[in-house]
Amino acid sequence: MNEPYISGTVTEGNENIGANEESLRMVSSQPVGNEPVSDEELRPHVLDGFIGQPRLKAQLQLFLDAARKREVPPDHILLAGPPGLGKTTLAMIVANELGVPIRITSGPAIQHAGDLASILSSLDAGEVLFVDEVHRLPRAAEELLYIAMEDFRVDVMVGKGPGASSIPLTLPRFTMIGATTREGMLPSPLRARFGFTAHLDFYPVDELEKLVERSATVLGLALEEGAAHQLALRSRGTPRIANRLLRRVRDWVIVHDLPSAGPDDVKEALALYQIDAEGLDRLDIAVLNAIVRNFNGGPVGLNTLSAMVGEESETVETVCEPYLVREGFLVRTPKGRVATQKAWDHLGIRPKDDVVNKLF
Ligand SMILES: Nc1ncnc2c1ncn2[C@@H]1O[C@H](COP(=O)(O)OP(=O)(O)OP(=O)(O)O)[C@@H](O)[C@H]1O
Ligand SMILES: [Mg+2]
């Protein structure tokens, strides 16, 4: 039996994991490198091409069909969900399905209310205004947006000081689409002004498989039976990760002069990047190792844990943990992080006595 407790620092799986590791992680849900560009070629342009999320698609289809029949721009739409699940893609699909142009901006890009006022006042009738990271709008811009969304009006300030006055400017009817990864940070008056809110959720393996097959066709890569499944298993429920891993498999196929990629090619190519069969990478494994080997399964405080794996606590908390918790490897308790039986099994270590059950 393996000795479950090793004192000192974690020595397995955490070499070279530095503060900037997130930008290098193959399983990051944020876009890395030139991905904003390469993402474009894989973006579906019509709702039919959007894989998975069947309920959301049906709701959105109805919503758009009704607006088309009534010949008015649809109500404002809020797209909420973790990074890489298709919010930007859906916003573009909506504009495309409506046959209208889309104007794209984001919360952090708008520094003053005036920036937003000038965008709003230049919109054409029916146009879609996409505001990414809408939870990061400055306060004054947010208030201006309330009036614009509700009354299709902006109040333009003329002059300065005591002589300043505001002139109401009527806007054409437009559709605002807001995207957010932090719905909880949206003030309720803003949330209330969206007629339709779509919550995007992580994709199950069978949907990711279809997504991988579609992307492989777009990339001109032949996949053998079972290859898409192996890719889907490692994609952490996230289309952006699935597409990224697929590109690495394409590299493998090109370099090895293969006519197609089989399941073993996928496994080998991704093992090179230290991504295991459950989609865990080195940082995830380092976190689990720290809890299991150094703290006999926990509980461990976030700061201690982060220091042990040499990573910023925010990265561990927002990048690693959500997936580990969702997949049942780790539990957050008031006393700290605790490894589950599944984590011990995954690391191939038997806990001493009944240590896991005693922790809960
Ligand atoms: N349901 C889907 N079907 C097909 N491709 C998808 C789907 N969802 C996402 N993708 C692909 O995944 C990539 C990332 O999607 P997208 O940029 O829309 O994510 P996002 O939710 O806007 O992420 P972020 O929060 O980081 O802005 C894109 O290349 C897109 O083509
Ligand atoms: Mg986006």
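**Salt bridges in close-up**

**View 1. Asp251 and Arg248 share helix H10.** In this predicted model, Asp251 and Arg248 both belong to helix H10 (residues 239-255), where they sit three residues apart, about one turn of the helix. Their side chains meet in a salt bridge, with 2.7 Å from N to O. Side chains of opposite charge can pair when their charged atoms come close. Asp251 has a relative accessible area of 29% and is therefore partly exposed, and Arg248, with a relative accessibility of 22%, also counts as partly exposed.

**View 2. Arg332 forms a salt bridge with Glu321.** The closest N and O atoms of Arg332 and Glu321 are 2.8 Å apart. This pair links distant parts of the chain, since Arg332 lies in strand E8 (residues 330-333) and Glu321 lies in helix H14 (residues 313-326), 11 residues apart. Arg332 is partly exposed, with a relative accessible area of 40%, whereas Glu321 has a relative accessible area of 0% and is therefore buried.

**View 3. Glu133 forms a salt bridge with Arg136.** In this pair, the closest N and O atoms are 2.8 Å apart. Glu133 counts as partly exposed because its relative accessibility is 29%, and Arg136, at 46% relative accessibility, counts as partly exposed as well.

**View 4. Asp65, Arg68 and Glu97 form a network.** Here the salt bridges link three residues, namely Asp65, Arg68 and Glu97, into a network. For the structure as a whole, the number of salt bridges is 16.

Methods. Residues numbered from 1 in each chain as written. Chains lettered and ligands numbered in written order. Predicted model: local features only at pLDDT ≥ 70, side-chain atom pairs only at ≥ 80, totals over all residues. Heavy atoms only, no water. Salt bridge = Lys/Arg side-chain N within 4 Å of Asp/Glu carboxyl O. Buried < 20%, exposed > 50% of the residue type's maximum accessible area, 1.4 Å probe, protein only. Helix = DSSP H or I, 4+ residues; strand = E, 2+ residues; numbered from the N terminus.
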